[in-house]
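Here are my notes on this model, jotted down as numbered points. Have the structure open while you read.

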Amino acid sequence: MLYNFFTNSVAHDIFIKKQREMEPTSQPVESETRWSCQYTALVAIRKSLPAVKATFTEIMSQPNARRKQRPERLELSSAMTLADSVIATLTDRRTEESWREIRDRVSDLCTKANVNHNETPERRQAQPPRHLQEFVVEAQIERTPVTSLDALRTECFYPVIDRLVVEMRRRFSTEAGGVLSGVSALSPKHASFLDNKCLQPMAKFYGVTEDNLTPELHQVKRLLERKKQQGHELKDTAEFLALMRPYKDAFTDLHRLICISLTLPVTSAGCERSFSCLRRIKNYLRNSCGDARNSNLGLLAINKQRSKALDVQRVIDIFASNHNNRRIVLL
C-alpha cells in the first residue's frame, strides 16, 4: 500500500513538473484544478506520513480500538456541570482586559507575518439591486465597515460572546438538565440509580406525577432485590427495559421513562449517518422500491454490526419456509 502511494505520488510529481515546463510562462494560472489539489494533498501526506503512521499505530494498540460510546455509559448529568463552567468562562472573558489580550496577540501575529493590520482595505461601492433602482431606498444597503478597534470590540467581539452564551443557556437549560439527570438515574451502573429526587424533574417534564412514580420506584427496588438474590444483575438500561417489559402494565410511568431515556439521542451523529447511508442505498437501481423496503435496507446498513452477527443460513431457511411458492429451492 505504501509502495503504491509513493509510486503514484512520485509519478504525479513528475507529471506536474513536465506539465509546468511545457506551459508558457506568460499565461497566469487563474485557479487550482482538481489534479493540483490532489498533488498538494499527496505532498502534505508524504511529508507527515511518519506522524500519521505513529498516530494510527497508537490507536490500534489501544485495548478497545473499535470501541463505541453508548448512551447509557455516558455521564449525562456531568454535561450540565461542564456547560455551566463553559458559560461562566465565556462570561468572564467578556471584559476589556480579555479584548486587549486578544488584540495584542493578533498584533504580534501580524507583525511576524509582515501584515499591516491598521490599514483599512478599500471597499467598492455597493450597487442597489435592480428591482430597487426605481425606488427611493432609505435603509442601509451594506454594512458599515469597522474601522476602529473600539468598534471592533463593541460590534464583533462582544456580540459573538453574547450569542455563544445565549445559545449555551438555551441548549443547556434547567429543563434539559433535569432530563439528563433523570436519564442517568435510569442507568443501573450510575450512583443515582432509581433516585426519586433525580427522576422527578424528568418525570415532571414528560407529564408523570410524583404520586404515581414514587410507589412504582418503591416496588421496583424490591423487585430488583429479589432478582439480584436470584443471580440476575443488570448491566445497562437496555437490560433494565427488557426486565420491566413483562411488568409494564404495573409500572406504566416508569416503563415510559425508561423508553424515553433509551430513545433520547446523545448527539446528532446517528441521524446524520442515516442520511449518508440512505444516499448510498437509494440509487437509480432501487428507484422503484417502496418506503418499507428502503427502511428495512437502511436498518440493515446502519446497524451493520448486528447485521453481520446474524446467521445467514437461518435467515434463508425462515425466508424459504415463509414463501413456499418460489421456483428456486432454497432448502
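1. The crossing of helix 8 and helix 9 is right-handed (the near helix is turned clockwise from the far one by less than a right angle). Helices here are DSSP runs (H or I, at least four residues), numbered from the N terminus.

2. Before going on, the ground rules: this is a predicted model, where local features need pLDDT of at least 70 and side-chain atom pairs count only at pLDDT 80 or more, while totals for chains, interfaces and linings use all residues. Residues are numbered from 1 along each chain as its sequence is written, and side-chain values use heavy atoms, with hydrogens and water left out.

3. How many salt bridges does a search of the whole structure find? The search gives 8, counting a side-chain nitrogen of Lys or Arg within 4 Å of a carboxyl oxygen of Asp or Glu.

4. In helix 5 (residues 96-112), arginine 100 and glutamate 96 sit 4 residues apart, so about one helical turn separates them. Their side chains form a salt bridge at 3.1 Å, N to O. Arginine 100 is partly exposed at 35% relative accessibility, and glutamate 96 is partly exposed at 36% (buried means under 20% relative accessible area, exposed over 50%, partly exposed in between, with a 1.4 Å probe and protein chains only).

5. Arginine 93 pairs with glutamate 101, with 3.6 Å between the closest N and O atoms. Arginine 93 is partly exposed at 31%, as is glutamate 101 at 38%.

6. Helix 6 (residues 149-171) holds arginine 153 and aspartate 150, 3 residues apart, about one turn of the helix. They form a salt bridge, the closest N and O atoms being 3.6 Å apart. Is arginine 153 buried or exposed? At 14% relative accessibility, arginine 153 counts as buried. Salt bridges with shared partners also link Arg163, Glu167, Arg170 and Arg171 into one network.

Technical notes
Helices (H or I, at least four residues) and strands (E, at least two) are DSSP runs, numbered from the N terminus.
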